[in-house]
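Dear colleague,

Please find below the sequence and structure that I am handing over to you. A short account of the findings follows.

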Amino acid sequence: MADGRTPIMRGAYGMDPVLPELTVRQLRRLDREGPVAFGRKRGPLVERRIRKAIKRTARMQAERRERVARELKERERRARAEARRQDERPLPSPRMLLGWGTGFAGPDRLMLPWHSTGVAQTAVLDPFLFSGRPPVDGPLVGRDNSSGVEWRFDPWMAYRAGLVTQPNMMIAGPMGTGKSMCLKTWSSRETMEPWNRKVIVEGDPKGEWARLARALGGEVVHAGGGTIINLLDFGDRPANMDEDRWQADMLVRRIDALDSLTAPVRPEKPSLDQRERALARAVLQQLAGRRCLPTLTGMLRLLESDWSHEIRITGLDAPERDEAARGLILILDEFVSGPHRGAFESESTVRIDPSSPMIVFDTGAIQQGMETRKAVWTAAMNSAIERLVAHHHTDGLFRIVIAEEGHQVLRNPALVRSWDQRMRLCGDLGVCNCMLVHELQDLEKYADQGTSQRKLIESILTMTSVKILYRQPAEALNVMGRLLDDLSPAERALLPRLPQGVGLWRVGATVRAAVHPIMGPEAYEVMNQDEGRMG
């Protein structure tokens with residue numbers, strides 16, 4: 001500068017008013033009537049206060065403009081006098097400072113004037129500090145922990161705003177950091193008007209989602225104890241699909257369902273080979289030709305009959321056909337007369353309503369240490385969920401699938417492929433797939449580095465456009481930095497210091513917010529699971 005002083009950056013930033021703390025009464029109304037009903041109707045007293053705030057804001061703006069104009073005029077007069085006295089060229093007029101904005105009156109916000117501050121005065125420019133109203137519409141989730149601004153979110157609204165390329169989500173963090181509480185708060189409000197999203201929870205080992213589903217009028221599904229779910233039953237044919245296409249589609253889905261059951265009961269050979277697939281296709285086609293609904297028991301009985309020794313399959317000789325039959329019989333027998341009988345082998349005894357606001361597949365009856373049974377249940381749930389999300393073609397409803405036990409999905413190669421395919425078909429199926437994982441540095445537990453399954457797992461975690469990251473240990477940052485190549489230094493520094501319950505939302509490439517969910521006391525009692533941890 002001309003006077004030798006160090007140059008400084010000047011400017012001003014409009015800042016949203018801080019969201020005031022909600023009262024207990026307001027939180028109860030929010031949980032009871034939903035975020036849309038909350039705050040939409042204003043009484044006469046509120047309207048009068050808003051009108052007064054508008055007038056007060058306009059008066060303060062006018063006074064400020066007059067004061068700034070007088071100051072500028074005085075500065076110009078002094079500058080011209082100084083220039084004449086020193087016989088110098090007149091100095092340019094000082095630049096106008098930005099005045100106050102017009103204020104913002106959202107449906108749930110008080111009318112307050114915008115505040116402005118300059119970088120030179122604050123000596124800081126932090127993307128988490130200077131956070132305005134998020135550009136995403138949706139149900140109210142909570143508030144930005146840095147600025148106090150309300151945080152709303154709906155994945156399909158984020159797509160409409162051009163922030164993401166698909167609605168899939170991933171949430172990561174160690175146990176006890178608040179992941180499930182966040183998902184329960186957000187997903188339960190997604191089921192309300194006007195969003196009307198349907199939520200499907202894939203796995204509930206603690207029974208926490210089952211309690212929430214019952215409170216919302218949803219359904220809780222568990223197999224065993226007289227309840228049977230036929231994994232090969234994919235419902236009725238949609239009206240807009242012809243019979244030949246439907247049968248071809250069902251054949252592929254049923255073989256995929258059998259493939260997903262292979263890994264838990266035959267870990268040494270976790271997928272069906274080409275010969276077993278060919279024989280399974282022939283069995284399913286034979287049962288379909290008899291006009292009967294295929295079941296695991298029906299497949300086993302057909303393979304044990306003389307039919308399996310008489311059928312000719314292109315590309316297989318008799319010894320190869322018999323070997324494939326023995327492999328399928330051993331797999332199916334695990335469910336028909338083996339340790340997993342009584343849950344999936346015959347026609348369904350329960351019907352799941354696809355329009356239910358929340359459907360939870362309860363795995364709480366599976367005790368700790370029963371990893372094989374839990375893996376079988378995960379595979380069975382995936383088959384049922386595939387049937388539910390396919391209803392989008394007939395009912396037009398949008399669904400959110402939450403993998404509460406994401407590590408169980410990632411351990412099964414067939415389920416990894418199924419999840420990847422469902423993510424890629426999210427637009428056609430109208431589904432948001434939300435994967436919940438704990439320790440990202442434990443990917444070696446699921447697949448070795450360099451294998452196709454490991455690459456597919458990393459693709460699932462990185463392909464999501466919306467990522468919610470909770471407090472991460474220092475050793476996880478290197479793995480996270482490799483999976484998320486756009487992780488900034490500010491985010492790396494923030495993640496190990498996030499308070500409990502606060503998650504870093506990364507929506508697309510531009511929106512970042514540290515969000516803390518808010519809820520009323522009744523909802524907290526339903527969602528909270530800290531009692532067993534507090535001692």
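In what follows, a contact means that heavy atoms lie within 4.5 Å of each other. Please note that this is a predicted model.

With that definition, the surroundings of Trp 419 can be described. Trp 419 belongs to helix α15, which covers residues 413-424. Residues up to four places away in sequence aside, Trp 419 touches Glu 202, Val 401, Ala 403, Val 409, Asn 433, Cys 434, Met 435 and Ile 460. One of these, Ala 403, is 16 residues from Trp 419 in sequence, and the C-alpha atoms of the two are 9.9 Å apart in space. Trp 419 counts as buried because its relative accessibility is 1%, and buried means under 20%.

Regarding the chain as a whole, its secondary structure consists of 21 helices and 13 strands. Of its 535 residues, 49% are buried. Among contacts with a separation of 6 or more, 72% are between residues 24 or more positions apart. The accessible surface is about 26,900 Å², and carbon and sulfur atoms contribute 52% of that area.

Helix α18 (residues 474-483) has the buried residues Ala 476, Leu 477, Val 479, Met 480, Gly 481 and Leu 483. These pack against α17 (452-463), β11 (466-469) and α19 (489-494).

On the surface, a patch of positive charge is formed by Arg 48, Arg 51, Lys 52, Lys 55, Arg 56 and Arg 59. Arg 51 lies in helix α2 (residues 44-86), and Arg 51 counts as partly exposed because its relative accessibility is 45%.

Yours sincerely

Technical notes
Residues are numbered from 1 along each chain as its sequence is written. This is a predicted model: local features need pLDDT of at least 70, side-chain atom pairs count only at pLDDT 80 or more; totals for chains, interfaces and linings use all residues. Side-chain values use heavy atoms; hydrogens and water are left out. Patches are made of residues with over 30% relative accessible area and no salt bridge: like charges are joined within 9 Å, nonpolar side chains (Val, Leu, Ile, Met, Phe, Trp, Tyr) within 5 Å. Accessible areas come from the Shrake-Rupley method with a 1.4 Å probe; for residues, only the protein chains shown count as cover. A salt bridge is a side-chain nitrogen of Lys or Arg within 4 Å of a carboxyl oxygen of Asp or Glu. Lys and Arg count as positive and Asp and Glu as negative; His and the chain ends are not counted. The place of a charge is taken as NZ of Lys, CZ of Arg, CG of Asp or CD of Glu. Helices (H or I, at least four residues) and strands (E, at least two) are DSSP runs, numbered from the N terminus. Buried means under 20% relative accessible area, exposed over 50%, partly exposed in between (1.4 Å probe, protein chains only).
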